[in-house]
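Q: I have a sequence and a model open side by side. Please show me how to read it, one feature at a time.

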Amino acid sequence: MQSIHNYSASCQQIYPAIKPEPIVSDQVEEWYPTQYRTYRFFSQHGRENDNEKIQGTTITIRQTSFGCGKLGFEVWKCALALSCYLIRLFDNFHNNNESDIKSVRVLELGAGCGLPSCVCREMGVGGVLATDYWEEQSGDFGRPMDKERLVPHWLFGVNLDFNVVQSAGIMREGNSSAQRSVFSRKLDWHNEVDVLEAKALFDPNLIIASDVVYYVEDVPPLVRALELLLEHGSSNDRTAREVILFLSVYTERIGLKEFRDMVKEMVDAHPGWDSSEQEVDFCLMTKELDSFEEKYRILKLTIKNES
């Protein structure tokens, strides 16, 4: 059993994984090798309910192969760290004013397997939209640059929907898409219309992402997408919006410096906006809780529009 401790919350990977019953035989299962991983999250302070404190929040994720998902085929360490943070964040809602959590509408960018979105779903937020980018179902690439990049197969989107939507029993007979509060969607940062359409349809007030700064050429459109999602929709819109990013500070993330600089410029250009950065460590542990196996450095970046 492996554990991650971060932000007054912990995560344990459960062996063997708790697979959904019955196993869904979809095209992802038919075309690609898959692997199920089960994670159990605990808030160190727990909720008021002692049973929930003991049981924690358990989530099973289906990972695909590199051939299907490319860089998003598995759960990355930043996604685990962000998930731990969200568990503690939303536990505070439950312990203080549980009704407030229903007002939170979460949009995840670059969701990959969708673990942080699943955490938000299980913690009872008002709505979840998990987004990422993949090739067209026809096999064509959506942009000329995609031919030279690691763009996921279109079934990657099917797997994201399986993890975030179908595994939760959201898609039941008689449920229309309008009645659901949990969704998945293809979203292209390079397409402002795509970003604005997702914003208009879902109206998020919390945008989350983990380890999304990879390619340098993605930095300007990603910052622009964050700006569009944070901006008020109209002169009468006074919704407070927030972005929470957990980013790897590994040296191979060559776009990170440019991203941090561009975020600062964006925030400075908007009166009433604020941003903060904090580099934190979290530890992957095995067996004994005091036995550290690996330590990871994560950059937590928060942007707020409370104007």
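A: Start with the inventory. The protein chain holds nine helices and 11 strands. Helices (H or I, at least four residues) and strands (E, at least two) are DSSP runs, numbered from the N terminus. This is a predicted model, where local features need pLDDT of at least 70, side-chain atom pairs count only at pLDDT 80 or more, and totals for chains, interfaces and linings use all residues. Residues are numbered from 1 along each chain as its sequence is written, and side-chain values use heavy atoms, with hydrogens and water left out.

Q: What pLDDT does the protein chain average?

A: First the term: pLDDT is the predictor's confidence in each residue, from 0 to 100. The average for the protein chain is 81, and 76% of the residues score at least 70.

Q: Which elements have the lowest and the highest mean pLDDT?

A: Strand β1 (residues 2–6) has the lowest, at 43. Strand β5 (residues 105–108) has the highest, at 97. Two stretches also call for care. Over residues 170–179 the pLDDT is below 50, and this stretch has 10 contacts in the model beyond near neighbours in sequence. A contact means heavy atoms within 4.5 Å. Over residues 286–292 pLDDT stays under 50 too, and here the model has 11 contacts beyond four places in sequence. Where pLDDT is low, the predicted coordinates should not be read in detail.

Q: How much of the protein chain is buried?

A: Buried means under 20% relative accessible area, exposed means over 50%, and partly exposed lies in between (1.4 Å probe, protein chains only). Of the 307 residues, 50% count as buried. Gly 124 follows α5 and has a positive phi, near 90 degrees.

Q: What share of the contacts joins residues 24 or more positions apart?

A: Count the contacts with a separation of 6 or more; residues 24 or more positions apart account for 68% of them. Take Glu 29, in helix α1 (residues 27–31). Glu 29 and Asn 159 are 130 residues apart in sequence, yet 9.3 Å apart in space, C-alpha to C-alpha. Glu 29 counts as partly exposed because its relative accessibility is 24%. Another pair is Gln 278 and Lys 300, 22 residues apart in sequence and 5.2 Å apart in space, C-alpha to C-alpha. Gln 278 sits in strand β10 (residues 273–286). At 40% relative accessibility, Gln 278 is partly exposed.

Q: How do I read helix packing, and at what angle do α7 and α8 pack?

A: Two packed helices are described by the angle between their axes and the distance between the axes. Axes are lines fitted to C-alpha atoms, for helices over the stretch in contact, and angles run from 0 to 180 degrees between N-to-C directions. Helix α7 (residues 192–202) and helix α8 (residues 219–230) pack at about 30 degrees, with their axes 10 Å apart. So α7 is roughly parallel to α8. Angles under 35 degrees count as roughly parallel, over 145 as roughly antiparallel, 65 to 115 as roughly perpendicular and the rest as oblique.

Q: Which residues make that contact?

A: From α7 come Glu 192, Val 195, Leu 196 and Lys 199; from α8 come Arg 224, Ala 225, Leu 228 and Leu 229. They divide into five nonpolar, no polar and three charged. Ala, Val, Leu, Ile, Met, Phe, Trp, Tyr, Cys and Pro count as nonpolar, Asp, Glu, Lys and Arg as charged, and the others, Gly among them, as polar.

Q: At what angle do α8 and α9 pack?

A: α8 and helix α9 (residues 256–268) pack at about 35 degrees, with their axes 10 Å apart. Their contact includes Leu 222, Val 223 and Leu 226 of α8 and Phe 259, Met 262 and Val 263 of α9. The residues of this contact divide into 10 nonpolar, no polar and two charged.

Q: Where does the backbone need a second look?

A: Check peptide bonds and phi. The bond from Tyr 15 to Pro 16 is cis, with omega near -10 degrees. Pro 16 lies in the loop between β2 (9–14) and α1. Asp 203 is not a glycine, but has a positive phi of about 55 degrees. Asp 203 is in the loop between α7 and β8 (206–210). Asp 211, in the loop between β8 and α8, has a positive phi near 50 degrees.

Q: Is Asp 211 buried or exposed?

A: Asp 211 counts as buried because its relative accessibility is 13%. Asp 203 is partly exposed, at 40%.
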